Amino acid sequence: MSNETAIRTEDLEVTYTGNREVTALDGVSTEFAENKLTAIIGPSGCGKSTMLKSLNRLHEIQPNAEISGEVYLGDEGIYDTDEPLPEIRRRVGYVPQTPTALPLSIYNNVAYGAKIHGNYSNSELDDLVESYLRKVNLWDEVKDRLDDPGAELSTGQIQRLCLARSLAVEPEVLLCDEVTSALDPISAEQVEETLEDLKEEYTIIMVTHSMDQAKRLADDVVFLYLGELVETNDTRSFFENPQNERTQEFVKGHTAVDYDDEPDEESVTDEQPVATR
Amino acid sequence: MGTTETNRSDGSSRLDRRLLLERLSSYWLVGAGFFAVALFGLIVLTLVQQSIPIVSEYSLFQMMTSSNWDPASDEFGFLPAIVGTIYVTVLSMAMGTPLAILAAIYIAEYAEGRTKLIVSSFIDVLAAIPSVIFGLVGLIVVVPFVGDYLAPAVGAHSIGLGIVTVSLVMAIIVTPFMISLSVESLEALPDELRESSLGVGATKWETIRTVLLRAAGPGIFSAILLGFGRVFGATIVPAMLIGGQTAIPESPFDAGETLPTLIVNDFGELMSIPLTQSALILVGLTLLVVVWIFNFGAMLVRRRLQRRWQY
């Protein structure tokens, strides 16, 4: 983790107080580097999504979530702050696991956030929509049907539309919650390619439970286990030379292909990012 | 050996029985389905057949545009009932719909925990009260309120009974019903829609207005339609509160009649006169046809909304 830190957590603790009290995150302190893609990995139910959502306070739409600790975006905290919540969420965007088109046209799905935050003229909006659709490699597929409902696209296209929508408000950090897990292998590959392009320019934090995906895409890895941070390192060191015993077990249990043989292009479609659901 | 054979034959006769039951059950289900269709056909046919005498003697157009209903002198104009029905329906929906949508948004998106539980169970209880009770309370509370306060306040004259009174009470009756159904459609929306919208920095209200109301739009639209159907066909409350006036109302504060009240007020004594009976059945048929056309149109609109606002 050599680069500048874009966002970091300090002693982050999230508890769900329902009928049964569950601690989803137990004092996690970690940092996410700027303009890199960091993967949060770990077994199901270990707090990955909670961790992700707590980075832009989206877990707060659940009625029983209690949080302590702080998340720093640059130098400012996002919990103890005067900054309005919508502005925090604009700066830290979120793409959910299920590809979700808003009940709007393809055009307005992309323009949605931009229209809320900025005063754009129609032609500026046109340009903006085009440029972000290009950025997610969707423009050529949809340029003739921008007025159709977004939901009429395929799930893979919708997921890229979601990325375009999130990017169009120019967030500093983009949170992606298992964005390929609901997709077929080919669509998943396209989304991965898009993320690959985007990580040059954006700070992306992605939850995944595909170890192979983490290896392919991530610069850094954060490993959570039962709400605790076990290990965080750059991807290569994390998989080749895990420090913690639990990481060693987890990596071993999941590694079918050896790291060095792995990154050839075709194999991406052969393995199934979907299968691990 | 013997035992295995017994087992096998047991097994196959068991399978035979299961397959027989399977066939029988499908017959039953098909029968039940078609029974509903047949019943519907029977009702329509009866109404049509029974309306023939009056239609063959008087022109349909004339009856629908004449405001003179006087069976004793063979006058069967039911325009006042049509006007009254439209008045009541439009007024109650205009009062009830905005309230229902706002309340549904509050319950589905804002209320939490105990408050939500209390408010929504009160609304469910309200929706379950028989309408005759609302009619009685309307007589005691709403009639004097309209006659003594509301009408004078807007410079109109009213005896208390009348279209506005019925509309108020009908709005109170259908609103809880529309709220419940709208809350259901809002709560059925996936959280991802909320997260997607909030995740680009939209406020809660922006999310509701632009995303949730559209996504739940077809469902809310259906809720409003069902409310509409209930007001349109409402019988007991209008019969108790509308004042039974067979003239075209000059103002909403006047007494009047609706299609259903025309039928219930007259059927007791006049069903023995064949032509009147036929006229009343024609009124019933008109009610049915209008509801039908309306439902059909609504289905088309709903389908369009569903495509336009899919998520």
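Visitor: How many residues lie between β4(A) and β5(A) in their hairpin?

Guide: The hairpin has 2 residues between its strands. A:Gly74 sits in that turn, with a positive phi of about 65 degrees. This is a predicted model: local features need pLDDT of at least 70, side-chain atom pairs count only at pLDDT 80 or more, and totals for chains, interfaces and linings use all residues. Residues are numbered from 1 along each chain as its sequence is written, while chains are lettered from A and ligands numbered from 1 in the order in which they are written.

Visitor: How do you know that β4(A) and β5(A) are joined by bridges?

Guide: Two strands pair if DSSP finds at least two bridges between them. Here 2 bridges join β4(A) to β5(A) (residues 76–77), and the strands run antiparallel. In β5(A), A:Glu76 is the bridge partner of A:Leu73. Strands are DSSP runs of E with at least two residues, helices are runs of H or I with at least four, and both are numbered from the N terminus.

Visitor: In which sense do β1(A) and β4(A) pair?

Guide: The antiparallel sense, over 8 bridges. β1(A) covers residues 5–17 and β4(A) residues 65–73. A:Glu10 has A:Glu70 as its bridge partner in β4(A).

Visitor: What makes β6 and β10 of chain A the edges of their sheet?

Guide: The open sheet has 6 strands in the order β6-β7-β8-β3-β9-β10 (chain A), with mixed pairing. β6 and β10 (228–234) each have a single partner strand, so one side of each has no neighbour in the sheet. Neighbouring strands are turned by 20 degrees against each other on average, direction ignored. Inside this order, β3(A) (residues 37–41) and β9(A) (residues 220–225) run parallel, joined by 4 bridges. A:Thr38 has its bridge partner, A:Asp220, in β9(A).

Visitor: Why are α5(B) and α6(B) called oblique to each other?

Guide: Their angle is about 135 degrees, with the axes 10 Å apart. Axes are lines fitted to C-alpha atoms, for helices over the stretch in contact, and angles run from 0 to 180 degrees between N-to-C directions. Under 35 degrees is roughly parallel, over 145 roughly antiparallel, 65 to 115 roughly perpendicular, and the rest oblique. The helices are therefore oblique.

Visitor: Which residues meet in this contact of α5(B) and α6(B)?

Guide: Among them are B:Phe134 and B:Val142 in α5(B), and B:Leu168 and B:Ile172 in α6(B). Residues are in contact if their C-beta atoms, placed from the backbone, lie within 7 Å. The contact has 9 nonpolar, 3 polar and no charged residues. Nonpolar means Ala, Val, Leu, Ile, Met, Phe, Trp, Tyr, Cys and Pro; charged means Asp, Glu, Lys and Arg; the others, Gly among them, are polar.

Visitor: What makes α6(B) and α9(B) roughly antiparallel?

Guide: Their axes cross at roughly 155 degrees and come within 8 Å. That angle makes α6(B) roughly antiparallel to α9(B). Residues that meet include B:Phe177 in α6(B) and B:Ile224 in α9(B). This contact divides into 10 nonpolar, 4 polar and 1 charged.

Visitor: How many residues does each chain give to the contact?

Guide: Chain A gives 26 and chain B gives 24. On the side of chain A, 15 are nonpolar, 7 polar and 4 charged.

How values were computed. Contact = placed C-beta atoms within 7 Å.
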